[in-house]
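The stops below follow sheets, helices and their contacts.

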Amino acid sequence: MTRVRESLFNRTDPLRIGEAKPAYSPDAGLPASADSTAEPSIICESEEWIAIRRHLHRYPELSGEEYETTAYLRERLENLGIRIVDYGLETGLVAEIGSGEGPIAALRADIDALPIEEETGLEYASTRPGRMHACGHDFHAAVLIGAAQLLKRREAELPGTVRLLFQPAEERAKGARQLIQAGVLQGVGAVIGQHNKPDLPVGTIGITAGPIMAASDGFTVTVRGTASHAAVPEAGIDPIVTAAHIVTALQTIIGRSISAQERAVVSVTQVHAGNTWNVIPDTAVLQGTIRSFDESVHSRIKKRFAEIAGGVASAFGAEASVRWSGGPPPVVNDAALTALAGICAHGLGLRVAEGITSPASEDFSFYQQKVPGVFLFVGTSGDREWHHPAFELNDAALPGAASLLAELAVRTLLHLSETVEKED
Ligand SMILES: [Zn+2]
Ligand SMILES: [Zn+2]
């Protein structure tokens, strides 16, 4: 059960930025009132956003193949009169709201789906066999469209520019790097992202400073022995027995080399060797992943990993080589932006849960390596975790998340303007 407690964020706004307008009531599930000058027709609009979410859910596309998704989102943005900025992307797109002057805050949503056969039975379930939005990136894209619509209405008063990043290929941890390489962070002072969180209730936002999602690296261990007849093992060096000992010994990294106060995981997920019953092969291959929340823990795990794989292999007369495929670093939230997010959430009548983390990884962290950023967890009251074939999320969370992103973007721009003024 996720621990949820009342936020310790200040209730008073130390930044003197406008009035927080409670445009959203978490108890009602949908926006409560049209009292706010900023959100007069949010109830109507939120129905459109939900329709957008469900459309995307029906037509999921895998990482790097988000052509129709991109075209659909482009059309939605163009209909809102929002300008698209060409960064030469194959899939995914970038748009801007604001004069183009002043500080820039980036809002990011990922848009790709997973190779999973959907089992929800929903009326708007995936129409594509073996393709499913099982991580809720359809929701993230719709939330960003919602935020864009709210921001577009306030465009004249924006103290800077909001850059919208609809990012492809998050599930393969490639999209963020592609966008960064294309130059989307140029001039950006802060980046804001969000992920749905089924184990938090609708109306609650997980907002936590510091590391909140794990660094991830994939490994391939190749164990080389000498092949032999299965009846004459003494004539060879068995890579299968060696690999089995390596798998077992690797478990001691977490148990014996990492402190109880540090969080980390080592998982072997694939074992491949041999192709018949009466031959001992010459190689065995192991694959898997390591996760941790801290770069120093991560490098300690890698060091022990190499020592154990190499040491165990040599004890059996075999050789082991380890290859790492670099995954995302940990998602680490900037303290000032995290505090701002808390203020905005409270102002909108959303509940704030602190200390919410996940051992999953997110390529949002690549942006945070370049500019300060904050990543929020949006409660969606789901029964299933991400990547489950029956994963569902509650659309009632959508308007609150869209309002929060819009509000946070505005306040972040003010924060960036103040920081620049102070530096001047
Ligand atoms: Zn995912
Ligand atoms: Zn995801």
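Start with four strands: they form an open sheet in the order β10-β12-β8-β13, with antiparallel pairing. Strands here are DSSP runs of E of at least two residues, helices are runs of H or I of at least four residues, and both are numbered from the N terminus. Two strands pair if DSSP finds at least two bridges between them. This is a predicted model, in which local features need pLDDT of at least 70, side-chain atom pairs count only at pLDDT 80 or more, and totals for chains, interfaces and linings use all residues. Residues are numbered from 1 along each chain as its sequence is written, while chains are lettered from A and ligands numbered from 1 in the order in which they are written.

Angles run from 0 to 180 degrees between N-to-C directions, and axes are lines fitted to C-alpha atoms, for helices over the stretch in contact.

Now show 215–224 and 283–292. Strands β8 and β12 run antiparallel here, joined by 10 bridges. Look for V223: opposite it in β12 stands A284.

Contact means that the C-beta atoms of two residues, placed from the backbone, lie within 7 Å.

Keep α7 on screen and select 239–250. That is helix α5; the axes of α5 and α7 come within 9 Å and cross at roughly 145°. The crossing is right-handed, a term for the near helix being turned clockwise from the far one by less than a right angle (anticlockwise is left-handed). On α5, colour T242, H245, I246, A249 and L250; on α7, colour F305, I308, A309, V312 and A313. These contact residues divide into 8 nonpolar, 2 polar and no charged. Nonpolar covers Ala, Val, Leu, Ile, Met, Phe, Trp, Tyr, Cys and Pro; charged covers Asp, Glu, Lys and Arg; the others, Gly among them, are polar.

Move to the other sheet. It is open, has 8 strands in the order β1-β2-β4-β3-β5-β16-β6-β15, and its pairing is mixed. At the edges are β1 (83–85) and β15 (351–353); each has a single partner strand, so one side of each is left without a neighbour in the sheet. Neighbouring strands are turned by 30° against each other on average, direction ignored.

Select 188–197 and 373–379. Strands β5 and β16 pair in the parallel sense over 7 bridges. H195 stands opposite F377 in β16.

Helix α2 (67–79) touches β1, β2 and β4, and its direction makes about 15° with that of β2. Helix α3 (137–153) touches β2, β3, β4 and β5, and its direction makes about 150° with that of β3.

Last stop: 175–182, helix α4. Which residues of α4 are buried? They are G175, A176, Q178 and L179. (Buried: 20 or more other C-beta atoms within 10 Å of a residue's own, C-beta atoms being placed from the backbone; exposed: 12 or fewer; partly exposed: in between.) Down the axis of α4, the buried residues fall within an arc of 160°, so they line one face of the helix. The arc is that of the directions from the helix axis to the C-beta atoms. Their cover includes β3, β4 and α9 (364–368). Then click G183, which follows α4: its phi is positive, near 100°.
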